[in-house]
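I opened the model to look up how its parts are arranged. My notes follow in the order I took them.

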Amino acid sequence: MESTLQKLDELKGDRSNVIKALQLIQVHEGFISDTSIREVAEAFSMPAVEVEGIVSFYAQFKRNQPGKYMISVCDGTACHIKGSPQVLHWISDELGIGDEETSDDGLFSIERVACLGCCSLAPVMKINDEIYGQLNRKKTMKILKQYQKEPAND
Ligand code: FES
């Protein structure tokens, strides 16, 4: 966090850096909290409601804390053709949450993303930094079970 804070310090004051600052916070914390909104507003001497407006305008910013495991289901062209909507459906069914939602236990979030860059493995999903490809229902469920079994491990 120290380097993030240093970078934020370098950015503050110049309003053209607000988006850059928000991006930094999101990379570090995974979302933009109410506290971050207030801090950015203060750092750039602007009303919090204006920062909130920027955050809600850009789809890249998330206002809710993501789950411990972020499941990114690729919906690029190759994956879509190979059945990514079905993959998303299986996962949603299993976890009881939809796209852009987080499970009540805070363990899983699901998001639909653009090409993950490994189209030859389509359909593909990423859980945190781990890529899983050539998904079918059985394989997808098996992977999910591994994460459900080991919720305490970081
Ligand atoms: S389209 Fe899914 S990895 Fe490229």
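Predicted model: local features only at pLDDT ≥ 70, side-chain atom pairs only at ≥ 80, totals over all residues.

I took α6 and α7 to begin with. α6 covers residues 84-95 and α7 covers residues 137-149. I read an angle of about 40° between them, with the axes 10 Å apart. I recorded the crossing of α6 and α7 as right-handed.

Which residues make the contact between α6 and α7? On α6 I listed V87, W90, I91 and E94. On α7 I listed R137, T140, M141 and L144. I sorted the residues of this contact into 5 nonpolar, 1 polar and 2 charged.

**Sheet**

I then turned to the strands. I found 4 strands in an open sheet, ordered β2-β1-β3-β4, with mixed pairing. Which strands stand at the edges? They are β2 (108-113) and β4 (130-132); each has a single partner strand, so one side of each is left without a neighbour in the sheet. From one strand to the next I noted an average twist of 20°.

I looked up one pairing in detail. β1 (residues 69-74) and β3 (residues 125-127) run antiparallel and are joined by 3 bridges. Within this pair I found V73 opposite M125 of β3.

What does α6 touch in the sheet? I noted that α6 packs on the sheet and touches β1, β2 and β3. The direction of α6 makes about 155° with that of β1, an angle that the cut-off of over 145 puts as roughly antiparallel.

**Whole chain**

I stepped back to the chain. I counted 7 helices and 4 strands in the protein chain. Along the sequence I read the pattern α-α-α-α-β-α-α-β-β-β-α.

How is the chain divided into domains? I have domain 1 as 2-57 and domain 2 as 69-149. The C-alpha centres of domain 1 and domain 2 lie 30 Å apart. For the overall extent, I noted that the C-alpha trace of the protein chain spans about 50 × 35 × 25 Å along its principal axes.

Conventions:
Residues numbered from 1 in each chain as written. Domains from an automatic or database assignment. Pairing = 2+ DSSP bridges. Helix = DSSP H or I, 4+ residues; strand = E, 2+ residues; numbered from the N terminus. Axes fitted to C-alpha atoms, helices over the stretch in contact; angles between N-to-C directions. Contact = placed C-beta atoms within 7 Å. Left-handed = near helix turned anticlockwise from the far one by under 90°. Nonpolar A, V, L, I, M, F, W, Y, C, P; charged D, E, K, R; others polar.
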